[in-house]
Amino acid sequence: MTLSRAEWSARAEAHSERADALTAAHRKRQQRGEKHPVEDFLFTYYSYKPAQLRRWHPGAGVTLHDAAERAGWRWYSPGPHSGDVVPDAEMFRAEKPQLASLIERMLRLTAARPGQFGCFGLHEWAMVYRTEEHRHAVPLRLGSAGTDAVVEDGDLRCTHFDAFRFFTDDAAPRNRLPLSRESQPDLEQPGCLHAGMDVYKWAIKLGPLVPGELMLDAFELASDIRRLDMEAAPYDLSEWGVRPVRIETAEGKAEYVRRQRVFAERGNALRHAILDAWLGVPLAAESAAS
């Protein structure tokens, strides 16, 4: 596919406008020196700035006509005519073979597995279990004893290493599975909220090989998931207008699972789309999030 300068410029402009709208609140808080414990997470944990997010790319193999100003951009190669450029998947794989292999495995294997929906967001509770030191300087809704009781009455089923690694020493042995970085590709599954947020991480790492529209879709998914992640957490975030999903109750568990299933479907749709855009080989159409 080749896009004329008028075509790709219009898409780039629309992308930057959408990105600006998505990051407006964060940028205003930065100007005021304010922080938000829920909404700022995507910009700190993934270390991708609003200015980077607003830069549009066409995706692997899409030629941009009359785009000489991008000739020096990373993982862009010359196109068929003078001044043409194209994001080059082979250049990326040659430069970062291990990363390319990891991303492909994570996206394919995660999408191929059935979603698991019995964790009820207890990973955040396990991060504060039997400790006075919390990752967030906000009070606990149920206090320390009440929070510990929820963990002890529940069942820790975390499958995501980057959540598990923040469990307290007392909480880690309670998890059903011992998790490690090496086992992550074999255990990641689409029902996991953090795996859904990480679709954005994989898109970031692929850079220009992912169409800008998909990048923003992944950002929006991660943002929506982050909201539920903190609504279901043990923290009292009422100061920031966060309504708790009380997963310590049957009603809260049911709401969590209902929304978790929607995120699993959205995440798998994006995994399919990213692999198709990057490698040109779509996954099977059936959803693995059921």
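1. The lining of the largest pocket draws its largest share, four residues, from helix α2, which spans residues 41-45. Helices here are DSSP runs of H or I with at least four residues, strands are runs of E with at least two, and both are numbered from the N terminus. At least two lining residues each also come from α1, α8 (161-164) and α11 (212-231). A pocket is an open set of points on a 1 Å grid over the protein atoms alone, with protein on both sides within 12 Å along at least five of seven lines, while a cavity is a set of points where a 1.4 Å probe fits but cannot get out; lining residues have an atom within 4 Å of a point.

2. A word on the model before going on: it is predicted, with local features needing pLDDT of at least 70 and side-chain atom pairs counting only at pLDDT 80 or more, whereas totals for chains, interfaces and linings use all residues. Numbering starts from 1 along each chain as its sequence is written, and side-chain values use heavy atoms, with hydrogens and water left out.

3. Back to the largest pocket, whose volume is about 520 Å³. Volume here is the space filled by probe spheres set on the grid points, which are joined across faces, edges and corners. Its lining has 25 residues, and H36, D40, F41, T44 and Y45 lie nearest the centre. By class, 11 of the lining residues are nonpolar, six polar and eight charged. Nonpolar covers Ala, Val, Leu, Ile, Met, Phe, Trp, Tyr, Cys and Pro; charged covers Asp, Glu, Lys and Arg; the others, Gly among them, are polar.

4. What about enclosed space? The structure has four cavities of 30 Å³ or more, and the largest cavity holds about 120 Å³. Its lining comprises 15 residues, with C119, C158, T159, Q189 and C192 closest to the centre. Seven of the lining residues are nonpolar, seven are polar and one is charged.

5. Those cysteines deserve a look, as the structure holds zero disulfides, a disulfide being a pair of cysteine sulfur atoms within 2.5 Å. For C119, the nearest cysteine sulfur is that of C192, 6.8 Å away. For C192, the nearest is that of C158, at 6.1 Å. C119 counts as buried because its relative accessibility is 16%, and C192 is buried too, at 9%. Buried means under 20% relative accessible area, exposed means over 50%, and partly exposed lies in between (1.4 Å probe, protein chains only).

6. The overall fold has 12 helices and four strands. For 290 residues, a compact globule would have a radius of gyration near 19 Å, and the 21 Å of this protein agrees; the radius is taken over C-alpha atoms, and the rule is 2.2 Å times the number of residues to the power 0.38. The C-alpha trace spans about 70 × 45 × 30 Å along its principal axes, and buried residues make up 50% of the protein. Of the contacts (heavy atoms within 4.5 Å) between residues at least 6 apart in sequence, 67% join residues at least 24 apart.

7. D20, in helix α1 (residues 5-32), is partly exposed at 23% relative accessibility and touches R27 and R54, leaving aside residues up to four places away in sequence. T63, in strand β2 (residues 63-64), is buried at 9%; with that exclusion, T63 touches M1, T2, L3, P80, D84, V85 and V86.
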